[in-house]
Amino acid sequence: MGQAGCKGLYQSLFDYKTEKYVIAKNKKVGLLYRLLQVSILTYLVVWVFLVKKCYQDTDTSLQSSIITKVKGVTFTNTSELGERLWDVADYVIPPQGENVFFVITNLVVTPNQRQETCAESASVPDALCYEDSDCPPGEPVAAGNGVRTGRCLREGSAQKGTCEIFAWCPVETMSRPTKPLLGEAKDFTVYIKNFIRFPKFNFSKTNVLDTTDRTFLKSCKFSPKNPYCPIFRLGSVVSWTGSNFQEIAVQGGVIGIQIEWDCDLDKAPSECYPRYYFNRLDNRFSGNSISSGYNFRFAKYYRDAAGVEFRTLFKAYGIRFDVMVNGKAGKFNIIPTIINVGSGVALMGVGSFFCDLVLIYFIKKSHFYRDKKYEEVRSVMLPPKLDSASEQPAEEKATKGHGRETWFPGLLGPQFLCRLAASSGELSVGRGRERKASAGRVCLRETIPAPAVLCAPTRPHRSGHQGNGKVNVEQLQSLQTVEA
């Protein structure tokens, strides 16, 4: 049993499979096949080519440069600063106009700070003390403003005090603002100039209208109908993110300005224009959250008449604008077109595969279609030539109504006999010496016109076609065998 199995496995290595096309007259499976073909074709044409434009070669390595300019003035009158006019040099940081810029909307001012000793702020936990030993000299106060001097300062008869520090005194107040100092900054404008280049296609573009009219940028404002005027009102930018300018101006925030370039270079260059998107990037916590807002500190330094340095400390709250650019360009190329068409044609095979599964496994007559689809074909060795009667012993006997008939045993093996009807000149094939067909015994009863030759085994033909099995005697010398 093991030897036979190994032999069968060895012989199967040399089997060859080839396609056989079977036309199945089944309306349901045919309808399913056409629906799958239409669906795949629709996907290929609409989504792959029209929407995704996969027939194009694309370039996403965008090279970009951003230049920003803010304009606007406002006037304030406060106890810390007095009357003051604010222009772009006062409230824009950094002043050189990069892709990230900050507009001050609120300030906490600590004027006239000098380097001397003073009490640390009571709001700093690490500065609290009960005696001088709690303030080791020379050690900085964690999250504080200076270095301990070794003294614990108390107010009156209080048991708890704060460490004395050497710092810029007086220290900054920890109060948080409740009203924006520069609330009128909503009417300031920002000019965003963007240059882009797609190196693969050597294509360059800018977001500013190419015109010689010097008054264009002084009079235009950005709108969806005028995308080539990149001058934005700050209040409008904040409102496009869904935020309120006066609320964000109190404690600050971060706004993202996204410039997207999606260029179809198969069209005119004028069709390649920027699209703008605005989002608030910082987390929106509640107004009392310690994590809300955006701020930083900076100082301005001076010297008095005696040459002693002092400064004014500013804790600035405001809106940070991050300008980001991305995009891609596409142009027709034959290579991606061929690749996607080939992929679509290959995808058509999924429909055939699915319908084959339904046809040979899931419908009622699946066994019938399976037998028609898969068929084994074997080849049989040709019989030797029939040179003379002496080489192949014959047996003759009389046949009623047909003269004499001659039997040729063993042409195709001991199980076959070929008989010759001498008077009629026909060759019949049968098993043993039976002349009449009997079920399972006569392998072929089909009349075959000359010069065809046939001598078949006793099992039924796969095609199910049976007949009389006769061949002209003149072809006896070139008798061949086909087993199907």
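This is a predicted model: local features need pLDDT of at least 70, side-chain atom pairs count only at pLDDT 80 or more; totals for chains, interfaces and linings use all residues.
With sulfur atoms counted as bonded when they lie within 2.5 Å, the count comes to five disulfides. When the bonded cysteines are counted along the chain, their pairing reads 1-6, 2-4, 3-5, 7-8, 9-10.

One of these links joins cysteine 118 to cysteine 169, with the sulfur atoms 2.0 Å apart. Cysteine 118 belongs to strand β6 (residues 100–119) and cysteine 169 to strand β9 (residues 161–169), so that the bond connects distant parts of the chain, 51 residues apart. The torsion about the S-S bond of cysteine 118 and cysteine 169 is about -75°, and the disulfide is therefore left-handed; both of these cysteines are buried.

Cysteine 135 and cysteine 163 form another disulfide, with their sulfur atoms 1.9 Å apart. Because cysteine 135 lies in the loop between β7 and β8 while cysteine 163 lies in strand β9, the pair ties together parts that are 28 residues apart in sequence. Its torsion about the S-S bond is about -80°, which means that this disulfide is left-handed. Cysteine 135 is buried at a relative accessible area of 0%, and cysteine 163 likewise counts as buried at 0%.

Elsewhere, cysteine 6 is exposed, with a relative accessible area of 55%, whereas cysteine 54 is partly exposed, at 24%.

How values were computed: Residues are numbered from 1 along each chain as its sequence is written. Side-chain values use heavy atoms; hydrogens and water are left out. Helices (H or I, at least four residues) and strands (E, at least two) are DSSP runs, numbered from the N terminus. Buried means under 20% relative accessible area, exposed over 50%, partly exposed in between (1.4 Å probe, protein chains only).
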